[in-house]
Amino acid sequence: MQMQVGWTDGMSAPIKIVVIGLGWIGRKHATLISSSDQCVLAGVCDVDLSHQSYAEQIGVPFYDNVDELISAVQPDGAVIATPNSHHFSVAQICARRKVDILIEKPIADTLAQSQRIVDVTKEQDVHVVIGHHRRHSPFIQMAKSVVENGELGKLVGAMMLWTLMKPADYFDVNWRTTRPGGGPMLINLIHEIDILRFVCGEIRQVFAHVSSENRNLEVEDSLSISLSFENGALGNIFASDSVPSPWSYEATTRENPHYFYSEENCYQFFGTNGALAVPGMEIWKYTSGSATGWQYPLEKSSLEVSQEDPLHSQLDHFCRVIRGEESSLINAEDGMRTLRTAHAVLESAEKQIPVEITH
Ligand SMILES: NC(=O)c1ccc[n+]([C@@H]2O[C@H](COP(=O)([O-])OP(=O)(O)OC[C@H]3O[C@@H](n4cnc5c(N)ncnc54)[C@H](O)[C@@H]3O)[C@@H](O)[C@H]2O)c1
């Protein structure tokens, strides 16, 4: 029988959540839900029957069909952790059965499918959270508030590095290496694009170069992206999944213990009054009253940020969204804007032209 953590007499029944898709991230969600005091893991589903033993191991009912799972378990919410190309078909079933959904990022692999997710979830009036969980990171939330409260002055630009070495067995999963859903732009850098939109504002135009020379796959392994924002700021991302390097969100934030940790920064935000490095959260500014110019010293101060697991915070948020206590931090339309921007990067790289983004 399912263990109900933190649910005692007199409290309202905990929210019932199911996980659909039991790959790496689906199992991570299942673990978080199982240990949550906000919800219970009511069932899991995967089309691959080899995952049944995992369900038995964690003591939850297993289904290989989403409809059967929903009929049997009657969940309040579902986490969709299937490959990107299956997000729409699963989201559609959940929405029609009035189940609120947390869809792993990106919302889908094509804009057409993400539009269908927007439409069906609106029609069925279900809540949607897109799993851009880094919006819940204390580092990113702090960066957003520093930029928005004008501490850096007027935002001038942002620079991001996502450079690391993916392990060889990562590429054993076919969808990760083929279009339209695979490749670091749609799987990994979609996080950077979403963070830039969240912290700095809407992106207006992108120009990109991509290379697949290091891994020789159908999808890119390295990217250089130049961006401009609607507010006039400029941005830059350099990314590669085939270089040994300590500069990536994964390596520097310590949010995911699976990754090597380095005490480096991966993002920098620049304003007319100062600069911020993330996740070190160091702000560099002239001392108060000092003259400005490159010959004068800058002072470094550090912001205190407590370490939290953003996937955990995202789950708590999803529970509050299901209970109607909060609106989604990133709904289907917003997730589609991030996807549209990511697609603009790939279009720019393919055609070698700047691409304007209109939402
Ligand atoms: N938030 C993050 O940082 C993060 C990290 C990794 C992956 N993801 C996202 O999570 C999703 C899954 O990624 P992954 O790497 O865990 O994939 P994976 O290929 O390892 O696992 C996906 C699982 O879904 C199952 N599946 C496929 N179609 C299904 C269906 N119709 N119904 C039920 N199960 C189905 C597969 O059998 C597989 O077990 C992707 O959208 C990916 O982009 C997000």
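Two strands count as paired here if DSSP finds at least two bridges between them. With that in hand, here's a quick tour of this predicted model. The chain holds 10 helices and 15 strands, and six of the strands form an open, parallel sheet in the order β3-β2-β1-β4-β5-β6. A second open sheet takes nine strands, with mixed pairing.

**Overall shape and packing**
- A compact globule of 359 residues would have a radius of gyration near 21 Å, and the chain comes in at 21 Å, so the two agree.
- Along its principal axes, the C-alpha trace spans about 70 × 50 × 40 Å.
- Some 51% of the 359 residues count as buried.
- Of the contacts with a separation of 6 or more, 66% are between residues 24 or more positions apart.
- The chain exposes about 16300 Å², and carbon and sulfur atoms supply 51% of that.

- At the edges sit β3 (62-63) and β6 (128-131), each of which pairs on one side only.
- Inside the sheet, β1 (residues 15-20) runs parallel to β2 (residues 39-45), and six bridges link the two.
- To pick out one of these spots, look at Ile15: its bridge partner in β2 is Cys39.

**The nine-stranded sheet**
- The order here is β14-β13-β12-β11-β7-β10-β9-β8-β15.
- β14 (298-302) and β15 (355-356) are the edge strands; each has a single partner strand, so one side of each has no neighbour in the sheet.
- β14 pairs with β13 (residues 282-286) in the antiparallel sense over five bridges.
- Trp284 has Lys300 as its bridge partner in β14.

**Nonpolar cores**
- The largest nonpolar core has 74 residues, and Cys94, Leu196 and Phe269 have the most contacts inside it.
- Helix α7 (residues 184-200) gives the largest share of this core, with 10 residues.
- This core lies between domain 1 (15-132 + 312-330) and domain 2 (135-306 + 339-356), because both give residues to it.
- Leaving out residues up to four places away in sequence, Cys94 touches Ile20, Val66, Ile70, Ala78, Ile80, Val99 and Ile101.
- Another core, of 23 residues, lies apart from the largest one; among its members are Ile15, Ala30, Ile33 and Leu311.

Key
Residues numbered from 1 in each chain as written. Predicted model: local features only at pLDDT ≥ 70, side-chain atom pairs only at ≥ 80, totals over all residues. Heavy atoms only, no water. Core = buried A, V, L, I, M, F, W, Y, C linked by side-chain atoms within 4.5 Å. Buried < 20%, exposed > 50% of the residue type's maximum accessible area, 1.4 Å probe, protein only. Helix = DSSP H or I, 4+ residues; strand = E, 2+ residues; numbered from the N terminus. Domains from an automatic or database assignment. Contact = heavy atoms within 4.5 Å. Rg over C-alpha atoms; globule rule 2.2 N^0.38 Å. Areas by Shrake-Rupley, 256 points an atom, 1.4 Å probe, with all protein chains shown as cover.
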